[in-house]
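This briefing reviews selected features of one protein model, grouped by topic. Please keep the sequence and the structure in view while reading.

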Amino acid sequence: MRKKTTRQVFATKRTPLDELTGVGQVLIFVLVVSGVVNVLALTGSFYMLQIYDRALTSQSIPTLLALSALAIGLYLIQGLLDVSRSQILVRLGARFDQKLAPLAHQVVIDMPRFGFSTAEANERGRDVDTLRSFLGGQGPMALFDLPWMPLYVAFVYMLHPTLGLVTIGGAIFLTLLTVLAEVLTKKHSTAAQKAAVARASIADSHARNADVIRAMGFSSRAIARFAKINSEHLELQTKTNDVAGTLGGISKVLRMILQSAVLGLGAYLTIAGELTAGAIIAASIAASRALAPVDLAISQWKGVVNARRSYARLTETLTSLVMEKPAVTLPAPKSSLKVERITVAAPSTGAVVLSDVSFELKAGQAAGIIGPSGGGKSTMVRALSGVWPLLRGHLRLDEADYNQWVPDDLGRHIGYLPQEVSLLDGTISENISRFEPDADGRKVLEAAQAAGVHEMIVRLPDGYETELGPNGTALSAGQRQRLALARALYANPFLVILDEPNSNLDAEGEAALTAAVQSVRDRKGIVIVVAHRPSALAACDMIGVVQNGKLAAFGPKEEILGSNAIVKVGTKKSKNVA
């Protein structure tokens, strides 16, 4: 999903099977086991053939007992192999999940950056579940048995060519039903999947805005909105199930008709002296077994289509990941940030919202970004933090372009406080440390003190081990913002980016914010602060004015705001703005 070179695209074009070493050998083994199972499934036909044509005619009890014992032994072996291949496929599904779920979740995290909804992103995780469930179900059994259909047809044909031709005709008809199931199910299933994503998106939106919906009294309208899209989803699901159910019913009826036809035709051939009584039963059993995989495949075809679609999306997911790592690990930045003619588009619409922006900051500097709402300030910080991709231009830390960094390595050198603060489900300590394994408690404490939030934390019953719950809603907006500031300052990142960091702060919080910005400058870091309130700019020495998607002015604070610094922030009244 990130911007990639041609070499990277081809280097990362992988399928889910590529993630599982040895899976090809496993599938071949299962296919071979399926062949043995299908050969052993002829036991019933041979048993009936021998019982009617040998044991009954000879009236030999020892022959009957020997044939029965042999049949029981073969049935037990068949059952053991059948259970074994089922367990192999279940474990293969678990391996898929173990390998692919983390990769899919990486894309779940990345997709919203590129304009996708949360529901669309979560579909990648559900794709892994779909594939795992399919591998543990009956669908793969039918697919592995299908190649062995000619074995049964040949057996019936050997008993009598006419019976073989009838069986072949039934197989061809069922195969056509399978093709029809593919065409109709795929059409309705794709539409149903899109409706399911839309339904999940609305449900997620309503859950995130539950307070607003409840407070302003439009719960009934929200429910009606959900009910409408849910009805569309159910209608499409019903059509899909109708197709699968109808074709499945037809295939079952055809199997019964074919089995009876083989019995009837076999009886006629026996009367005509062309077939034995045992061959009638054997042919009926074999013909029914020949069509069983097709019948099962049709009944499971909805699952087959869903699994194939999930597999295709997972392949797309893996292709979108840049797995190559730079050969050289870059040193921590310590001197400069250069923004070179960057242009940024909103991922959801593709509209350019920031164009041709350039400036440079040296270690120890702090820049305040001001301008009217909707001018492109938040877009700039999303680009500077690496959240939104660039259409054009370069972002450089110590002359190295962002693309030269492994994303996680780059992230360790960036502290980011977004406008809409969201904390993760975990403890305060885990959130501040960015869920670093075995985090250094000293660094957590230093970050909290730098953000001026240590006293607030220790007043909580469990202190730094306080569980925040989903999104940290147990805390006030100001408390969440200060904890997010501590998270941004954790481990002294070189570049600290703060988007409206004082929007929910009181006077004490603003003083702590000013001190935090100054402390970053004192340790020779770089700070970028987006603000509408002048108090957030107290520790800044540079000012940039963003208007209409352009950087209208950039320079020392005294020059941009004027010597008396009384110009209202966020307006166009600065006499020095270009």
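Does Lys338 count as buried or exposed, judged by relative accessibility? At 19% relative accessibility, Lys338 counts as buried, where buried means under 20% relative accessible area, exposed over 50% and partly exposed in between, with a 1.4 Å probe and protein chains only.

The model is predicted, so local features need pLDDT of at least 70 and side-chain atom pairs count only at pLDDT 80 or more, whereas totals for chains, interfaces and linings use all residues. Residues are numbered from 1 along each chain as its sequence is written, and side-chain values use heavy atoms, with hydrogens and water left out.

**Salt bridges**

- The count comes to 13 salt bridges, a salt bridge being a side-chain nitrogen of Lys or Arg within 4 Å of a carboxyl oxygen of Asp or Glu.
- One of them joins Asp145 to Arg85, with 3.0 Å between the closest N and O atoms. Helices (H or I, at least four residues) and strands (E, at least two) are DSSP runs, numbered from the N terminus.
- Asp145 is buried, at a relative accessible area of 7%, and Arg85 is buried as well, at 3%.
- Asp82 joins Arg85 and Asp145 in a network of salt bridges.
- Lys338 forms a salt bridge with Glu399, and their closest N and O atoms are 2.5 Å apart. This pair links distant parts of the chain, 61 residues apart: Lys338 is in strand β1 (residues 336-345), and Glu399 is in the loop between β4 (392-397) and β5 (400-401). While Lys338 is buried, Glu399 is partly exposed, with a relative accessible area of 44%.
- A salt bridge also forms between Asp356 and Arg341, whose closest N and O atoms are 3.3 Å apart. Asp356 belongs to strand β2 (residues 352-362) and Arg341 to strand β1, and the two are 15 residues apart. Asp356 is partly exposed at 35% relative accessibility, and Arg341 is exposed at 56% relative accessible area.

**The sheet of β2, β1, β4 and β5**

- These 4 strands form an open sheet in the order β2-β1-β4-β5, with antiparallel pairing. β2 and β5 stand at the edges, each with a single partner strand, so one side of each is left without a neighbour in the sheet.
- Two strands pair if DSSP finds at least two bridges between them; β1 and β2, which run antiparallel, are joined by 7 bridges.
- The bridge partner of Val344 in β2 is Leu354.

**The second largest pocket**

- On a 1 Å grid over the protein atoms alone, a pocket is an open set of points where a 1.4 Å probe fits, with protein on both sides within 12 Å along at least five of seven lines, and lining residues have an atom within 4 Å of a point.
- The second largest pocket has a volume of about 320 Å³, a volume being the space filled by probe spheres set on the grid points, which are joined across faces, edges and corners.
- Its lining has 14 residues, of which Leu27, Leu131, Phe134, Leu135 and Tyr311 lie nearest the centre of the pocket.
- At least two lining residues come from each of α4, α5 (118-135), α6 and α12 (301-320), and α12 supplies the largest share, 4 residues.
- The lining has 13 nonpolar, no polar and 1 charged residues. Ala, Val, Leu, Ile, Met, Phe, Trp, Tyr, Cys and Pro count as nonpolar, Asp, Glu, Lys and Arg as charged, and the others, Gly among them, as polar.

**Positive phi values**

- Most residues other than glycine have a negative phi.
- Asn492, not a glycine, has a positive phi near 50°. Asn492 lies in the loop between α18 (477-489) and β7 (495-499) and is partly exposed, with a relative accessible area of 47%.
- Lys524 has a positive phi of about 70° although it is not a glycine. Lys524 is in the loop between α19 (507-522) and β8 (526-530) and counts as exposed at 52% relative accessibility.

**His233**

- His233 is placed in helix α10 (residues 219-271) and counts as buried at 6% relative accessibility.
- Apart from neighbours within four places in sequence, His233 is in contact with Ala192, Ala195, Ala196 and Arg199, contact meaning heavy atoms within 4.5 Å.
- From C-alpha to C-alpha, His233 and Ala196 are 6.1 Å apart in space, and they are 37 residues apart in sequence.
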